[in-house]
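Hi everyone, thanks for making the time. I'd like to walk you through one model today, going from the inside of a chain out to its partner. Let me put it on the screen.

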Amino acid sequence: MNTRREQLKSGIKDGIPICLGYFAVSFTFGIMAINYGLSPLQSIAISLTSLTSAGQFAGLGIITAGAPFAEMAIAQLVINLRYSLMSCSLSQKLDETTPFYHRLLIGYGITDEIFGVSVCKPGPLNPWYCYGLFLLAVPGWTLGTAAGAFLGQLLPERALSALGVALYGMFLAIIIPPAKKDRILAGVTVVSMVFSLLFFLIPALNGVSSGLRLIILTVLIAGAAAVLFPVPDTMEVSHE
Amino acid sequence: MNNRIYLYILVMAAVTYFIRVLPLTLIRQEIKTPFIRSFLYYVPYVTLSVMTFPAILSATKSIWSGAAALMVAAILAYKEKSLFQVSIAACMVVFVMEFFL
């Protein structure tokens, strides 16, 4: 009981920076969701149920395009596939006797940041530590979305324009540090951006929806990289 | 349309949840297939790169403020600043630059 409480407290403490970061980024998501024509309730529902940055962001474009549900499912599958790898990794870190319901609950909150913090914590992972992280991260993400959705309209256009780059800044902060240490990752990043630009510039490809473009490029480039540069068995397959 | 939006939200949530929870509950052993391991390893880098560029250039009122945000964010990210710091710095660059554009 005491351990449980300590783990929860420790998780809450480590969750503070995640909470702050999430609030700023999801504020932008709330604004964008409203700009895409969603209601505040809908944007909050997305953040509470999906709890993911890239997937939600791509999801907005798919919703407003009125794309088939299958396109949404495939886009989310491809964009969020990395979570399954993190989930595999966390399953190794949990004690074998961890009950099923704990696994069902922990699964909800696997994000890049929560995974990064959980997997770096020494020793076996206590579910209550994860719940401590969730207790700050989930409200940070959801309330940030609510604030963006409700107060975003009150902000001047200049501020909206500025907040529009928050997510991209976060994405760059995720991809650049590992790319700096690994030339293959640097190459993958550059090739991805070049092809993304080509899709934008070539008229025949310009009409492809953003969700489909993401799926095509991810499968092709990550697939090619996996064939050309297989990750060594010993390498730690984890993302920040 | 409203109901359709909630259906989209349901699809998003369900797919995302199953991706996260299935390995945690079903697969107890480490993934050994080199191709799948490698593919999953590269996925986030490709996805985030494709989503960031060139989209960041059209995210703001002017392509120049977007480009400045890209440069500043890239430099700070290279210096391994936190997600929060990089994100806020990019926003501030756009905010300040658009006073002059």
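So, between domain 1 and domain 2 of chain A, 15 residues of domain 1 are in contact with 11 residues of domain 2. Please keep in mind as we go that this is a predicted model. To place those two parts for you, domain 1 of chain A covers 2-163 and domain 2 covers 167-228. Their C-alpha centres lie 22 Å apart.

Which elements of domain 1 of chain A give two or more residues to the side that touches domain 2? They are helix H1 (2-35), helix H3 (53-65) and helix H4 (69-79) of chain A. H3(A) provides the largest share of that side, six residues.

Now let's step out to the partner chain. The contact between the chains draws on 79 residues from chain A and 65 residues from chain B. On the chain A side, the helix that gives the most is H10 (residues 166-181), with 12 residues. Sorted by class, the side of chain A that touches chain B holds 52 nonpolar, 23 polar and four charged residues.

Let me zoom in on one pair of helices there. Helix H11 (residues 183-201) of chain A and helix H2 (residues 34-52) of chain B have axes that come within 8 Å and cross at roughly 40°. Because of that angle, H11(A) is oblique to H2(B). The crossing of H11(A) past H2(B) is right-handed. If you want to find the contact on screen, look on H11(A) for A:Leu185, A:Val188, A:Thr189, A:Ser192, A:Met193 and A:Ser196, and on H2(B) for B:Tyr42, B:Tyr45, B:Val46, B:Ser49 and B:Val50. By class, the H11(A) and H2(B) contact has seven nonpolar residues, four polar and no charged.

Last stop, the annotation for chain B. An unreviewed UniProt entry lists residues 6-27, 39-56 and 83-100 of chain B as "transmembrane region". How much helix is there in residues 39-56 of chain B? That span is 78% helix and 0% strand, with its end C-alpha atoms 26 Å apart. For residues 83-100 of chain B, the model gives 83% helix and 0% strand, and the end C-alpha atoms are 27 Å apart.

That's my tour, and I'm happy to turn the model around for anyone who wants another look.

Terms used
Residues numbered from 1 in each chain as written. Chains lettered and ligands numbered in written order. Predicted model: local features only at pLDDT ≥ 70, side-chain atom pairs only at ≥ 80, totals over all residues. Axes fitted to C-alpha atoms, helices over the stretch in contact; angles between N-to-C directions. Helix = DSSP H or I, 4+ residues; strand = E, 2+ residues; numbered from the N terminus. Parallel < 35°, antiparallel > 145°, perpendicular 65-115°, else oblique. Left-handed = near helix turned anticlockwise from the far one by under 90°. Contact = placed C-beta atoms within 7 Å. Nonpolar A, V, L, I, M, F, W, Y, C, P; charged D, E, K, R; others polar. Domains from an automatic or database assignment. UniProt positions renumbered as here; feature names shortened; annotations may be inferred.
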